[in-house]
Amino acid sequence: MPKASTTLAELSDSMAELSLRAKAAEDQTAAARTETREQVEARLAQAKATAQSRRESAQARGAKVKDEMSSRWSKVRSDFQAHIDQMQAKIDERRDDLDAKVADRRADQAEINASDAVDFALYAVDEAEAAVLDAQDARVIADAYA
């Protein structure tokens, strides 16, 4: 187990990375508003590949952790990913539908799904902040007893 100060520093670095990643996602989605469908699809493919890589990394870390709370977070991630996968399958299955009304409903649903994902990410950021601060608090208490 790493030293407490190292672990807390790594958590702080992870929060900084989260901030940078959120800004990059904002920039990518803003740029996509003025691009062609092919350019947007290329961005989408890259975003999906990055998300898949991050998911695999999180699953690998989760498999190593036996802590009950980590296990619960792993289940939350898994449930959310199953939800995203299900929505994406529906979107992919209808992507080339030429009916304007169906395409409009599909776009509306995709926007709702995106809004839900952003809301979940904001919630996750808040929870991550609280968890890091809780870890700091626990370390201060543990050090006081040492």
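The legends below accompany an overall view and several close-ups of a predicted model.

**Overall view: four helices in one chain.** The protein chain has 4 helices and 0 strands, and its elements follow the order α-α-α-α from the N terminus. Helices (H or I, at least four residues) and strands (E, at least two) are DSSP runs, numbered from the N terminus. Residues are numbered from 1 along each chain as its sequence is written, and side-chain values use heavy atoms, with hydrogens and water left out. In this predicted model, local features need pLDDT of at least 70 and side-chain atom pairs count only at pLDDT 80 or more, while totals for chains, interfaces and linings use all residues. Of the 146 residues in the protein chain, 6% are buried; here buried means under 20% relative accessible area, exposed means over 50%, and partly exposed lies in between (1.4 Å probe, protein chains only). The accessible surface comes to about 11400 Å², with carbon and sulfur atoms holding 56% of that area. Accessible areas come from the Shrake-Rupley method with a 1.4 Å probe, and for residues only the protein chains shown count as cover. Among contacts with a separation of 6 or more, 67% are between residues 24 or more positions apart, a contact being heavy atoms within 4.5 Å.

**Confidence view: helix H1 and helix H3.** The predictor's confidence in each residue is pLDDT, on a scale from 0 to 100. Its mean for the protein chain is 82, and 86% of the residues reach 70 or more. Helix H1 has the highest confidence, with a mean of 88, whereas helix H3 (residues 68-93) has the lowest, with a mean of 75. A friendly reminder while zooming in: where pLDDT is low, the predicted coordinates should not be read in detail.

**Close-up 1: the Arg54 and Glu17 salt bridge.** The structure holds 6 salt bridges, each defined as a side-chain nitrogen of Lys or Arg within 4 Å of a carboxyl oxygen of Asp or Glu. In this one, the closest N and O atoms of Arg54 and Glu17 are 3.9 Å apart. The pair links distant parts of the chain, 37 residues apart, with Arg54 in helix H2 (residues 37-64) and Glu17 in helix H1 (residues 4-32). Arg54 is partly exposed at 45% relative accessible area, and Glu17 is also partly exposed, at 46%.

**Close-up 2: the Glu41 and Arg37 pair in helix H2.** These two residues sit 4 residues apart, about one turn of the helix, and form a salt bridge whose closest N and O atoms are 2.9 Å apart. Glu41 is partly exposed, with a relative accessible area of 32%. Arg37 is partly exposed too, at 47%. Elsewhere, salt bridges that share partners join Lys23, Glu26 and Asp27 into one network.

**Close-up 3: Lys23 and Glu26 in helix H1.** Here is a pair from that network. Lys23 and Glu26 lie 3 residues apart, about one turn of the helix. Their salt bridge brings the closest N and O atoms to 3.6 Å. Both side chains are seen at intermediate accessibility: Lys23 is partly exposed at 42%, and Glu26 is partly exposed at 46%.

**Close-up 4: Asn113, a buried residue in helix H4.** Asn113 belongs to helix H4 (residues 100-145) and is buried, with a relative accessible area of 8%. Leaving aside residues up to four places away in sequence, Asn113 touches Met87 and Ile91.
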